Amino acid sequence: MSQLSPHFDIGEFVSMSVNTRALAPGLSPNDIGPRFAALAAAVLEPWRTIVGPIRINSGLRDVIANAKLATDPASAARVKERVGPHCLAECADCALLDLDKLEADARNAAYVAAFGKLYELAHREAGLPVHEAILEYARDNKRVTHIHIQHTLRKEPARRFLTRTWTTNADGVLCELYTPWKP
Ligand SMILES: [Zn+2]
């Protein structure tokens, strides 16, 4: 166990189930700690002071586990053509523990507000270096499941905010739908 920042430990980002023999090509094991430490210090800690305790549902993924999460043709193609940010140790799927205690409608509203606060921190006052943040909805398009946050040291932060909902394609397959988000 090793502490990355005041409130985050490497064990929260790298689960025991990660297959270390199937890491993304080009990701050195030595990069994993520093990348998550940078995400924690630069983005998660400042956001945590506003939204309260954060649980990391998913951090690092090996390429095999990541490919299994692609449930529709477009996301399967995307996984093949580029290495995803979870595989590069650059992002975290965040659950907000205080908000998860609320009943459904209040909880969803609180997640949207927390996402808006992250947007403000990135785009206004603090200029937090969020590369991409996604408010992710369950397949019912109602319940927020988590907030995905990417931070990268490889390029300038894009500060791109999106929602991920679901839509049915012409073949009747439920597909992910990414839409730009603004407050
Ligand atoms: Zn994610």
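The model is predicted, and local features need pLDDT of at least 70, side-chain atom pairs count only at pLDDT 80 or more, and totals for chains, interfaces and linings use all residues. Residues are numbered from 1 along each chain as its sequence is written.

Ala114 lies in helix H5, residues 104–123 (helices, H or I, of at least four residues and strands, E, of at least two are DSSP runs numbered from the N terminus). Beyond four places in sequence, Ala114 touches Val51, Leu96, Leu99 and Ile147 (contact means C-beta atoms, placed from the backbone, within 7 Å). Its C-alpha atom is 9.8 Å from that of Arg48, 66 residues away along the chain.

Ile147 turns up again in the largest nonpolar core, where, of 36 residues, Leu44, Ala92, Ala133, Ile147 and Ile149 touch the most other members (a core joins buried Ala, Val, Leu, Ile, Met, Phe, Trp, Tyr and Cys residues through C-beta atoms within 7 Å). Helix H2 (29–51), E3 (54–58), E4 (91–96), H5, E5 and E6 each supply at least two residues of this core, and the largest share, eight residues, comes from H2.

Strands E5 (132–137) and E6 (144–150) run antiparallel, joined by six bridges (pairing requires at least two DSSP bridges). Here Leu135 stands opposite Ile147. E5 also pairs with E7 (160–168) in the parallel sense over five bridges, with Arg164 as the bridge partner of Glu136.

Technical notes: Contact = placed C-beta atoms within 7 Å. Buried ≥ 20, exposed ≤ 12 C-beta atoms within 10 Å, placed from the backbone.
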